[in-house]
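Hi,

Here is the structure I promised to pass on.

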Amino acid sequence: MRLKITFMNACMLVKFSSAPKLQILFCKLTLILFFCFFPLSFISLSFGEHAPEIASYKIEVKLDTENKKLLGNEILIFRNISNKKIDTLFLHLYPNAFQSDTTIFMKESLYPDRIKKKEKYRGYVEIKKIKVNSGYDLTKEKIIDETIMKLPLQKPLTPGKTISLEVEFMVKLPQVLARMGYSGNTFVIGQWFPKMAVLEEDGGWNAHPYHANAEFFADFGTYDVSITVPLEYVVGASGYLQEERMNQDSTKTLVYRAEDVHDFAWVADPDYLIAERAVDEVELVFLYQSENKKKVERIMDAAEFALKYYGSVFGEYHYSRFVMADANVGFGGGAMEYPTFITISPSKLFTEKIKLDEMIIFHEIAHQWWYGMVASNEFEEAWLDEGFAVYSQRKALEERFGKTGNLVDLWGIEIGDQDLAKFGYLLDPQSDIPVKNSWEFQDYLSYRANVYYKASLFLETLENLLGQEKMKKLLREYFLRYKFKHPKTEDFIQLVAEIGGDDLDPFFFQFLFETGICDYQVASVKSTPLKKENEQQIYQSEVLLKRSGEAKIPVEVLIELEDGKRIEKIWDGKRRWYRIELETKSRIESVMVDPENKIVLDIDVNNNSLTTKSQDSVIFKLCSQYLFLMQTFIQWITSF
Amino acid sequence: MLIFASFIQGIKNVWLNKFLIGIMFLFKLGFSLILLAPIYLMFSASFGTNVKASSLLKSFDFSLLIDFVYHWRQTLSIYFLLFFLVFFLAIMVFIFLSGGFWGILRDQSKKEERNLNMERFFSYCARYFWGMFKIALLLIVFYLIAFLLFLFFLSIFDSVAGKGNWLDITSWRAGVKISAFAFLFFLVNMIGDYLRIFCVQNFQERFSGFVKRAFRFLLTNIFKTLSLYYLLSFVLVMAILIFAGLNELMDGIPKTFFYVLLLFFLQQILSLFRSFYRLVYYSSQMVLVDKLLMEKETLS
């Protein structure tokens, strides 16, 4: 059972630009409401399923808009969930990725050197003081290696025990390069505070530096974050707003609480406008810029649809608030997922006929399930959240806009999400496997092609092999079983075996752990008159099928005869070729391997069929269109 | 009235030399066919016996086209080289042919009717080739200057009106930028036409001489020349819109071979019309020059 504090949260978001009396009245009202509803929020805590509290934070942060800095104090409570004593703690200092152009992140990123070298893109975190359990000062003992901080403990932390760290820090914000920084008056604050790395069960630390391709991995906990900003700023953040108070120095402090999450991000901008909507038990909030006013309904509709759709298919959205922030801030700040909060970048270019806004919203909201609640390791197995999110976004797009043309439906050109994924996959299908450390991919193209697109097409193929209902059951079970946990690829494979049967093991192995491609083709079709039987002509027909790729999956074969008869066969695909010999009463008209296109990973569907009737109209159409296009080009280039 | 009369006379002059339309159309068709040939072979291999390809009759099925591009990626990379080579060749051949177009239309404008059109046409092609080539080189410089002017305008405009989102093509800022771009580039295009007119009319003169004459003419008659250019462009835009409307209407027709054939004819008619209309541009502007120069002579 969850309770929402809708009205209070709504009040807290109101931009304080009106008269001071009104502000005081408003504060009083919000305080009264706060004290009325605060006990209820505890009721909400005491019921329902919750994440294990491993790393919890109480942070007080002040945004210095003039100097582009964050001044913060953090109390971090960490529990040793491993079965070993630990004598060192590891923390992430993500802002240090921007401290110079020679950091791991900068060296790996694709930004041009002239951007990397610019001073305005410099950012870092400075650790001013660290104390353990409000006593021992660890400031001098800390060892910082770019984005990782190592803290040797005076006394080892035994299994099951907690430790409290007090950290005083300052973050110099860069102009937004990736997820964190400022752009004009907009502040996008993600991966900003000193954050615990993940302690594995065996006592080892999962603490990787901030890589350009990799995203993040953290343990669940509760975040109590007090954000102080200038009075005119509107803030959107993870979690629920608990309190808002005015300060003497023309600032205000907003107190947020986020439970059962593994990260906390926020945005601030004086020009944000607010749209709100109740979606069942969830309060949906959109912070937008005035230039996107006309798009508000469309964006809210898309978000509402996604929350409902994913909720019904995968399992209920755990939280009672979801915030979207318009963060069209250039490099990398545009679209990103955080628990209960996403940033998006709507564009007027994306009209009703180009549904890229919807695609991005569906993708980032899917991450609330695949990253937010089912918190797989984005460093090491990014396909478990990105591949799942792309697959989920496709399902949502198909449900809302149909199977074809669900992304672009303009001037007779129809492009679906699956087409886009296939295109992305074909950009580099063979350099890497999807299941590997994010920074070990050949390059960003290969990372994207395999982690996002191949993985999503792999899930699509899995759905086609299992059937829609079984796939839904599988994803629902995966969500319920691993909610607030850190599942790995083998957990998913194990679950598929439970639901779909063991015979899918080779399928997983070939597509997730090998770089081989899948390509079936119909090489030749022949029908020769053989004899007459009771005045009926008999034909000796022969079909030759080939497998050009390395991947071997059993595939359906459909043979259609000129008399309309259909013959269906299954080829196990184990050998490189397969010859089918038949005696038929009619000639073969066409042969198709995988006639329903179940194996969407097949890299060339054009060679999947062969017909004895040539497609002259199609060729004529394509050629005449191309001819006209060339005539127009030549007309154009010779007109200057 | 002068503008409209030039336009009408321009159409008449082209109509009296219909073979020019044929040459213009065949020039485009020839080079297009060269570029089509390898693509035709690839289309046939991928879709000629492909059962699923029938979906391409209804729409551009991207699932097939993406795999087509992947399958032929190595051939296509070579094809793109051919593409640029053919385009370069087309430009050179057009520079050669344009001497013929302008020369014949000059004769028509001056009422100097002669026989043996094709012979005359190719003799003009040869006679004016070097002049036309130098004009093309000069125009490259003018386009660069226009581009720099556009960048200069952008920097001033952005500082006054604010940058806005570069993706936002529907905003008024984008509208102003696109209009400025179009104005500058069409202006250079128009200058090119008048340079060619003065080239064929003052063939004996030095290059710098007729360039000066052309600019002097343009500066003294800028509103008239611009008005004619925009009248011509307006009619062309209307024709293209009518074509787009017809195309839209045809969407209701079942996607059979008949539809494809109809679409093919419609496209070729538009291509033929644009060949004709390119000559109308040339011819009308030439008539305008003659009329204005004659007017000036009469006055003096």
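In chain A, 13 residues of domain 1 are in contact with eight residues of domain 2, contact being C-beta atoms, placed from the backbone, within 7 Å. On the domain 1 side of chain A, α8 (417–426), α9 (444–466) and α12 (505–512) each supply at least two of the residues that touch domain 2. Of these, α9(A) gives the most, with six residues. By class, that side of domain 1 of chain A has seven nonpolar, four polar and two charged residues. Here Ala, Val, Leu, Ile, Met, Phe, Trp, Tyr, Cys and Pro count as nonpolar, Asp, Glu, Lys and Arg as charged, and the others, Gly among them, as polar.

The bounds themselves are 383–512 for domain 1 and 520–618 for domain 2 of chain A; they come from an automatic or database domain assignment. The centres of the two domains of chain A, taken over C-alpha atoms, are separated by 29 Å.

Before you read on: this is a predicted model, where local features need pLDDT of at least 70 and side-chain atom pairs count only at pLDDT 80 or more, while totals for chains, interfaces and linings use all residues. Residues are numbered from 1 along each chain as its sequence is written, and chains are lettered from A and ligands numbered from 1 in the order in which they are written.

**One residue in α9**

A:Tyr452 lies in helix α9 of chain A. Is A:Tyr452 buried or exposed? A:Tyr452 is buried, because 22 other C-beta atoms lie within 10 Å. (The cut-offs, with C-beta atoms placed from the backbone: buried at 20 or more other C-beta atoms within 10 Å of a residue's own, exposed at 12 or fewer, partly exposed in between.) Setting aside its neighbours within four places in sequence, A:Tyr452 is in contact with A:Glu386, A:Gly387, A:Val390 and A:Gly424.

**Chain A as a whole**

Chain A has 13 helices and 32 strands. Those are DSSP runs numbered from the N terminus, with helices being H or I of at least four residues and strands E of at least two. The radius of gyration of chain A is 28 Å, close to the 26 Å that the globule rule gives for 640 residues, so chain A is as compact as a globular protein of that length. (That radius is taken over C-alpha atoms, and the rule is 2.2 Å times the number of residues to the power 0.38.) Along its principal axes, the C-alpha trace of chain A spans about 105 × 65 × 50 Å. Of the 640 residues in chain A, 46% are buried. Among contacts in chain A with a separation of 6 or more, 68% come from residues 24 or more positions apart.

**The side facing chain B**

Chain A puts 42 residues in contact with 49 residues of chain B. The elements of chain A that give two or more residues to this side are β25 (413–415), α8, β31 (588–593), β32 (609–611) and α13 (616–637). With 16 residues, α13(A) gives the most. By class, the chain A side divides into 21 nonpolar, 15 polar and six charged residues.

There is also a sheet that crosses between the chains: three strands, open, in the order β24(A)-β25(A)-β1(B), with mixed pairing. Strands count as paired if DSSP finds at least two bridges between them. The edges are β24 (408–410) of chain A and β1 of chain B, each with a single partner strand, so one side of each is left without a neighbour in the sheet. β24(A) pairs with β25(A) in the antiparallel sense over three bridges, and A:Leu410 stands opposite A:Ile413. β25(A) in turn pairs with β1 (residues 60–61) of chain B in the parallel sense over two bridges, where A:Ile413 has B:Phe60 as its bridge partner.

Five of the six residues of β31(A) are buried, so β31(A) is largely enclosed by the rest of the structure. Five bridges join it to β28 (residues 555–561) of chain A, running antiparallel, with A:Ile559 partnered by A:Val591. β31(A) also pairs with β32(A), antiparallel over three bridges, and there A:Val591 is partnered by A:Leu610.

Cheers

Key
Contact = placed C-beta atoms within 7 Å.
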